[in-house]
Amino acid sequence: MCIFDGVNTSAPLLACAEDFSIDAISEVIIVTPAEPVSIQASAENLSGCVTVSFNSNATGQRDGWLAEISCIPACQKIEARLTTSDPMIQPLDTGWIDACPGQRIFLSAQGNFPQEGLFYNHRDSAQYIWDFGDGTIKYGQNVDHTFNSPGGYIVQLTIEDQLGCTNFNFINQRVRISDKPNFSINPAIDLNRPFCSGDTISLKATINRTDPNSVIAVIPKETSFLAQRIRSDSLPLPDGTGVPYETSLKFSNFQIGQTLNDVQDLSSICVNMEHSYMRDLEIKLTCPNGQSVILHEYPGRAGARSIDLGVPNYNDDDLIRPGLGFDYCWTPNATRGTWIAFSATGNLGTPATLPPGDYNPFDSLSNLEGCPLNGEWTISVEDLWAFDNGFIFSWGIQFNPALYPDLETFTPAIESYSWTNTPDLIYFSPDSIISATVNAGENAYVFSVQDEFGCAYDTAIIVNILPLTHPDCYDCEEQKNLINLRDTTLCAGESINLIAGQPFSSIRIGFSAFPMYDSIGNANHPSSTPYESTITVNSIFP
């Protein structure tokens, strides 16, 4: 029995349900009572009608079907509001949250329920669901999140009440995560040549440009917002319920009314998942206007080889315990065929496992041409046979970046910079230093910058200072001339007084280290990995 959202079967499909299942092993038909399914015409269906298509089996074990028509409260309006954030939004009305990789961002939201109590009460039962655009989903009015990778992200908030009604607006909060600037080291300046104790070393840095006299040039890096949305929600796929498990991605940064006109612009649909029996499943993608495509069709179990997705947990029971997910993608130009076609011909190993990679969908992705790009794209997974289960850990859709009317970019400007001041410097300014260290050792001269997002980045110039006793730091002929040694002629019987000594016996040979500055604490240097800084002593003679 299938139900369509309109006046005929050409309308978008709302749901399908089977009233019985066949045990392919024993060839016994098992009649199972159908679970009641609630169906409602969508808001886009102005007729308010639904069409039912019913196919009876040849045995006549089911004579027909029953439906009950009833009125339920219409969805009351919900508006999502972002109330506070840390860091603050700049500017407040249309701005960004700017932060650094690894920085915690705090967000608070409040729902506006203007029709509370009109048909039903839903303010206190509403659930707040945050999608951070990097695959992370969190719940609650007050949340925090850390973006570990640079880039632009669009945060969405869904407020859902007890009837499944959601907010009518998108908050579209943009978050910009800074990227490390390019620290370019000038290859024309040789810092690997020998430097001896007491030599002067001059180092210069420039910002936003290159300079042949500078050892470092720092150029800010342009970063863009992502053309892909990912959702990571660890969606369990319980065993054989026949109920679709769904999760959605919301897109809102295309032009109003923009549609998918060329299937090649749908670069990929990817899932990271595991399941202990691939043939149990049917997987479908539905776009915002109800058009859908079957990515993997349920083939039935008759004569089938047992094939895993990812590395499932075979030891779970009623408690579904996640295994290890593999990345599977459906793309317009894949060459492997469908999951079923590949599994019939491929070498799947033992136990048989579908390898990760790109596959063809069961239906042509051209079925999605004409779909609105903005709105909810929903993946549904239905387990249609008992004894096996699994998990979807994340899924995402990648569109051609050219579809975006203006894929926003940003370049955080450098606001401050400086060399690190060390005791061996005889001249210091933010962009230039001169060192004349007395001691030998490996020195790290650190140059740091801070951008307008408040993010600090640095690099180090490593210079190896040799002690005066190193052979590269003195010349025997030069030493001989300094103490006025000369050839002398003697007659038989004459004598000469010769004094031998150590030329460096009165010189203090010191070694020191100026390593890259690093914070020391239990968080980054616990007892098992203490902070270490090494001084290599060498070239002391005798």
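Leaving aside residues up to four places away in sequence, Q258 touches C371, P372, L373, L403 and P405, where contact means heavy atoms within 4.5 Å. The model is a predicted one, in which local features need pLDDT of at least 70 and side-chain atom pairs count only at pLDDT 80 or more, whereas totals for chains, interfaces and linings use all residues. Residues are numbered from 1 along each chain as its sequence is written, and side-chain values use heavy atoms, with hydrogens and water left out.

Q258 is located in the loop between β21 (245-251) and β22 (266-275); strands (E, at least two residues) and helices (H or I, at least four) are DSSP runs, numbered from the N terminus. Q258 counts as buried because its relative accessibility is 17%, buried meaning under 20% relative accessible area, exposed over 50% and partly exposed in between (1.4 Å probe, protein chains only). Two polar contacts involve the side chain of Q258: a polar atom of this side chain lies 3.0 Å from the backbone nitrogen of Q255, and the side chain reaches the backbone oxygen of L403 at 2.7 Å. A polar contact is here a pair of N or O atoms within 3.5 Å; within protein, one must be able to donate a hydrogen and the other to accept it, and residues adjacent in sequence count only if both atoms are side-chain atoms.

The side chain of D199 reaches the backbone nitrogen of C196 at 2.8 Å, while, not counting residues up to four places away in sequence, D199 touches S435, A436 and T437. The C-alpha atoms of D199 and A436 are separated by 5.5 Å, although the two residues are 237 residues apart along the chain. Y314, in the loop between β25 (308-309) and β26 (326-330), is in contact with S276, D308 and P351 when its neighbours within four places in sequence are left aside.

The largest nonpolar core has 39 residues, and those with the most contacts inside it are W339, L368, W377 and F399; such a core is a set of buried Ala, Val, Leu, Ile, Met, Phe, Trp, Tyr and Cys residues joined through side-chain atoms within 4.5 Å. Among the elements that give two or more residues to this core are β21, β22, α1 (339-345), β29 (375-383) and β30 (390-399). Apart from this core lies another, of 27 residues, including I201, I207, W419 and F453. The contacts of W339, not counting residues up to four places away in sequence, are with M273, M278, I283, H296, L309, Y328, W330, L354 and Y359.

W339 also belongs to a cluster in which ring pairs link F326, Y328, W330, W339, F342 and Y359. R336 lies over the face of F342, at 5.3 Å from the ring centre, and R176 lies over the face of W96, at 3.9 Å from the ring centre; a charge sits over a ring if NZ of Lys or CZ of Arg is within 6 Å of the ring centre and within 35 degrees of the ring normal.

For the protein as a whole, there are two helices and 36 strands, and 39% of the 542 residues count as buried. Of the contacts with a separation of 6 or more, 72% are accounted for by residues 24 or more positions apart.

Key:
Phe/Tyr/Trp six-rings, centres within 6.5 Å; stacked < 30°, edge-to-face > 60°.
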